[in-house]
Amino acid sequence: AAEHHARVQPRTLTLEGLTVRYGVVTAVHDVSYRLEPGTVPGLIGPNGAGKTTLFDAITGCDPAEGRVRRADPGL
């Protein structure tokens, strides 16, 4: 059987004021960023800086304040 591969339309990902708190500890504070299709962003920092927590907030694995929006091209 032949496989069918569909091309995924690129989208912009916008983070607006993402904040993650664990009780009284703020792990990620007010992150806003716009990721454009075709770019390769980097996220660096020491252990415990909140890099994984930020990714978890973007994917919905960690509860976060703020917004994560995906926009179709041209919008």
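Q: Let's start with Asp30. Is Asp30 buried, partly exposed or exposed?
A: Asp30 is partly exposed, because its relative accessible area is 48%, and that falls between the 20% and 50% cut-offs. Keep in mind that this is a predicted model.

Q: Okay, and which strand is Asp30 found in?
A: Asp30 is found in strand S2, and that strand covers residues 25-35.

Q: What's phi for Asp30?
A: Phi of Asp30 is near 55 degrees, which is a positive value in a residue other than glycine. As background, most residues other than glycine have a negative phi.

Q: Which side chain has a polar atom 2.9 Å from the backbone nitrogen of Asp30?
A: That's the side chain of Thr19: one of its polar atoms lies 2.9 Å from the backbone nitrogen of Asp30. Thr19 itself lies in strand S1.

Q: And is Thr19 buried or exposed? Why?
A: Thr19 counts as buried because its relative accessibility is 6%, and buried means under 20%.

Q: What does Thr19 touch, leaving out residues up to four places away in sequence?
A: Thr19 touches Thr26, Val28, His29, Asp30, Ala64 and Glu65.

Q: Let's go to Thr12. Where does Thr12 lie?
A: Thr12 lies in strand S1, which runs over residues 12-22. Thr12 is buried, with a relative accessible area of 10%.

Q: Which side chain does the side chain of Thr12 make a polar contact with?
A: The partner is the side chain of Glu36, at 3.3 Å. Not counting residues up to four places away in sequence, Thr12 also touches others, including Arg34, Pro37 and Arg70.

Q: New topic: pockets. How much space lies in the largest pocket?
A: About 210 Å³. Its lining is made up of Leu15, Val31, Tyr33, Leu35, Pro41, Gly42, Leu43, Leu54, Phe55 and Ile58. Strand S2 and helix H1 (51-59) are the elements that give two or more residues to that lining.

Q: How many residues of each class are in the lining of the largest pocket?
A: There are 9 nonpolar residues and 1 polar residue, with no charged residues.

Q: What about the largest nonpolar core, which residues make it up?
A: It has 6 residues in all: Leu15, Leu18, Val20, Val28, Leu54 and Ala57. S1 and H1 are the elements that give two or more residues to this core, and S1 gives the most, with 3 residues.

Q: Leu15 keeps turning up. What does Leu15 touch, not counting residues up to four places away in sequence?
A: Leu15 touches Val31, Ser32, Tyr33, Ile58, Arg67 and Val68.

Q: Where is Arg67 found?
A: Arg67 is found in strand S3, residues 65-71. Arg67 is partly exposed, with a relative accessible area of 47%. Again skipping residues up to four places away in sequence, Arg67 touches Thr14, Leu15, Glu16 and Leu18.

Q: How many Å apart in space are Arg67 and Asn47, C-alpha to C-alpha?
A: They are 25 Å apart in space, and 20 residues apart in sequence.

Q: Last one: where does Gly23 lie, and is Gly23 buried or exposed?
A: Gly23 lies in the loop between S1 and S2. Gly23 counts as exposed because its relative accessibility is 67%, and exposed means over 50%.

Definitions and conventions
Residues numbered from 1 in each chain as written. Predicted model: local features only at pLDDT ≥ 70, side-chain atom pairs only at ≥ 80, totals over all residues. Heavy atoms only, no water. Helix = DSSP H or I, 4+ residues; strand = E, 2+ residues; numbered from the N terminus. Buried < 20%, exposed > 50% of the residue type's maximum accessible area, 1.4 Å probe, protein only. Polar contact = N/O pair within 3.5 Å; in protein donor to acceptor, adjacent residues only side chain to side chain. Contact = heavy atoms within 4.5 Å. 1 Å grid on protein atoms, 1.4 Å probe; cavity = no way out; pocket = protein on both sides within 12 Å on 5 of 7 lines; lining within 4 Å. Points joined across faces, edges and corners; volume = space filled by probe spheres on them. Nonpolar A, V, L, I, M, F, W, Y, C, P; charged D, E, K, R; others polar. Core = buried A, V, L, I, M, F, W, Y, C linked by side-chain atoms within 4.5 Å.
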